Amino acid sequence: MTENAFDQALLDLPDQDRRTIRPPQYDGATPPVQQALAAISSTDVMTAGINTTPVGLRLNPAVPEARAAWYSFGFLVRRAAAVRLDVAEDELELGVQPVVDFSSPFSPPSARVFISDSLENGAGYSTRLGEPADFEELLLFMLGQLTGPDAARSRAFFDPFVDSVHERECATSCHRCLREYGNMAYHPLLDWRLALDMARLALDPAARMDLTSGCWAPLMARTAGPFFQGLNLVQTSLGGLATGMNASTNEAVILIHPLWDRDPANMRPELAAAFAAAERKGLQPVAYSIFRAVRFPYEYKVE
Amino acid sequence: MRVPPAPDITPLKQLSPSAYEALLRCKGRAAWAAHGDRSVVPQHPKALLGTCLHSVVEEAHNGTLPSGLDEQTRLSLARQLFDRRAQTLYEQAHPLVRAKFSSPERLPYYNLYRERAALEALASAQRVEQAAPAAGASQPARFVRLYAERRLVSRDGLLVGRPDLIDAAAQEVVDYKTGTALDEAVDAVSPAEARQLRLYVHLALDNGIPVSRAVVARADGRRAVIDVSKEEADAEGRKARGLLAQYNAAAGVAFNKVAQPSPDTCRFCPCIPFCEIFWQVASPSWEEQCGVHVEGHITAVEASTLQGMKLITLRVGVQRGTLSAGEAFVEQIPEAWTTADGSSPPREGVVVRIVHARRAGGDVPLVIRADRTATSVWSATAEAQR
């Protein structure tokens, strides 16, 4: 064990416990050995990503909203695949892998989901799902857009997500949509609206991504007013986006779609319009995603 | 890409404010500003977007956003003007710019500049409308109030400039600045901006347009104003003429003899790829101010393909530049960046210049990475043999 590893392990303990631990005696004569731990198994695997991130979107999994989008998308894919293949969800395992766009060094990474068969040596599910035509059908199935013999099943899969009762009662995710025992660790991240957006984006890079359409508009209508009110901000509109003005700090808090990039170098036209309008009024623009507004309604600062 | 030739030092008949500013720093940079071939060195994306912003504002001054339309329609028209100009500039841009960014919209800050341009154009159009005479009224030339992008030449013909806007009624000259990052302190006029503004005031007064005030109009809507007296403006004019005479006295001398490299002068300088004297005098103490620029022999090239993208990592024996001599690894550069001008990819034994790059980590091993907006890689074998 190295001193570095010991110090790192100490960080897992509360302060008062740390003080009670005596540091180990190191054997200075033995050089440290670097090892990696891995569990390696042989199975089938498929990966799916978004080839080209549209201008103004941010799919960097280091960002909570984008990480949520990837996992939500992945779990929705897994559920849809289980329904289509008529297998249990736990027969498929899911992960998210960050990937770098090497065509543009220093641009933020993106990610892709991978689905593997739980069964040792594979059961063939992922191989089948990984066929481009099959995967496209799966995406259409998830969005209730599949035609042909499976059209009714596709609607039956999709409709409960956008059903008005579910839409109204579920601002993030619940056991009627994405949550289940097997993805418990991800429950706070999961968001069914983001999952559907990612599916639409996977099918069409020009898919509309904003808060005025589809399932976001009613959530936005319910959230913006109370959010601004709770923070004592005066609600207005900048560049067509709902904005809360903080008279004491001169900040303009702009509510944005979770996948919109806040980086001025890569803004969507709508957000750029709101930023430029705020600048013109001498205000300090602050972009805050609806994803955060429903989870952390009493703050608007993002590191 | 091959290192382009340095421009010749040929006499300048007239000095513009941008060439004047370059001349204050370095005669070589002034030669580049005055008559360098801009097509051989990649433009900074922000410079392209700044040109678009100026074009849109100029169009607004010239009445391209008709007053009968509502505000949203006029903003939309301004955005279209911006898009068209950006598309044209993108098509004409250095091939490395196009290799890095697959469309104009992918240039960093595109949408923010576009919106700022639209709002500035709208404000400019409204200013023009307010200055316009009432319908049917005749307007004698002496009562013209606004001069947009008018080329002004000093009475002796030595100084020339094209101020963005002169409002004779308000007695002010306005210069639009695209600005850079959002958090930069831009509430005041910088010394370089003040020099440019004084020169504009001098040119206006020389052309009989009464001006006593100069305004820097930032793209984010902020304004910075300075008063400029006739004495101050004339003094700037005299200084510019003096520098022009000095420059012309050096005509015919080689670029490398007149260039005046220093850590401050060479910061953001586009001439670094071909400025041999820079490579002769630059030292590691320049890095903090001037950035990362290295020249050396390639000792190994490692090619790889990741996610369909051909990448090369160069092992370089650094000999000159702003990092210490020794072995450096220039990591994972897209091969297309090195061949954008049609030349072959870098190979072992070739001398390369890597400019406007970034250092990753400490000194050992020395790792250099590309910056997606600024970095370029040049093959300089012939230059190094000179």
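Predicted model: local features only at pLDDT ≥ 70, side-chain atom pairs only at ≥ 80, totals over all residues.
Trainee: Let's begin with chain A. How many helices and strands does the secondary structure of chain A come to?

Mentor: Chain A has eleven helices and seven strands. Its C-alpha trace spans about 65 × 60 × 40 Å along the principal axes. Of the 303 residues in chain A, 37% are buried.

Trainee: What share of the contacts in chain A with a separation of 6 or more comes from residues 24 or more positions apart?

Mentor: For chain A that share is 59%.

Trainee: How many bridges join β5 to β6 in chain A?

Mentor: Four bridges join β5 (residues 241-246) to β6 (residues 251-256) of chain A, and these two strands run antiparallel. You can look for one pair yourself: A:Thr243 has A:Ile254 in β6(A) as its bridge partner.

Trainee: Let's turn to chain B. How do I read the crossing of α4 and α6 in chain B?

Mentor: Picture a line along each helix, then ask about distance and angle. The axes of α4 (residues 71-92) and α6 (residues 110-131) of chain B come within 9 Å and cross at roughly 125°. That is why α4(B) counts as oblique to α6(B). Their crossing is right-handed.

Trainee: Which residues meet there?

Mentor: From α4(B), the residues are B:Glu71, B:Arg74, B:Leu75, B:Ala78, B:Arg79 and B:Phe82; they meet B:Arg114, B:Ala117, B:Ala118, B:Ala121, B:Leu122 and B:Ala125 in α6(B). By type, the residues of this contact are eight nonpolar, no polar and four charged.

Trainee: And how many residues of chain B are in contact with chain A?

Mentor: In general, the size of an interface is often given as the accessible area lost when the parts come together. Here we can count residues: 24 of chain B are in contact with 21 of chain A. On the chain B side, α6, β9 (309-321) and β10 (326-334) are the elements giving two or more residues. The largest share, six residues, comes from α6(B). The chain B side divides into ten nonpolar, four polar and ten charged residues.

Technical notes:
Residues numbered from 1 in each chain as written. Chains lettered and ligands numbered in written order. Axes fitted to C-alpha atoms, helices over the stretch in contact; angles between N-to-C directions. Parallel < 35°, antiparallel > 145°, perpendicular 65-115°, else oblique. Left-handed = near helix turned anticlockwise from the far one by under 90°. Contact = placed C-beta atoms within 7 Å. Nonpolar A, V, L, I, M, F, W, Y, C, P; charged D, E, K, R; others polar. Pairing = 2+ DSSP bridges. Buried ≥ 20, exposed ≤ 12 C-beta atoms within 10 Å, placed from the backbone.
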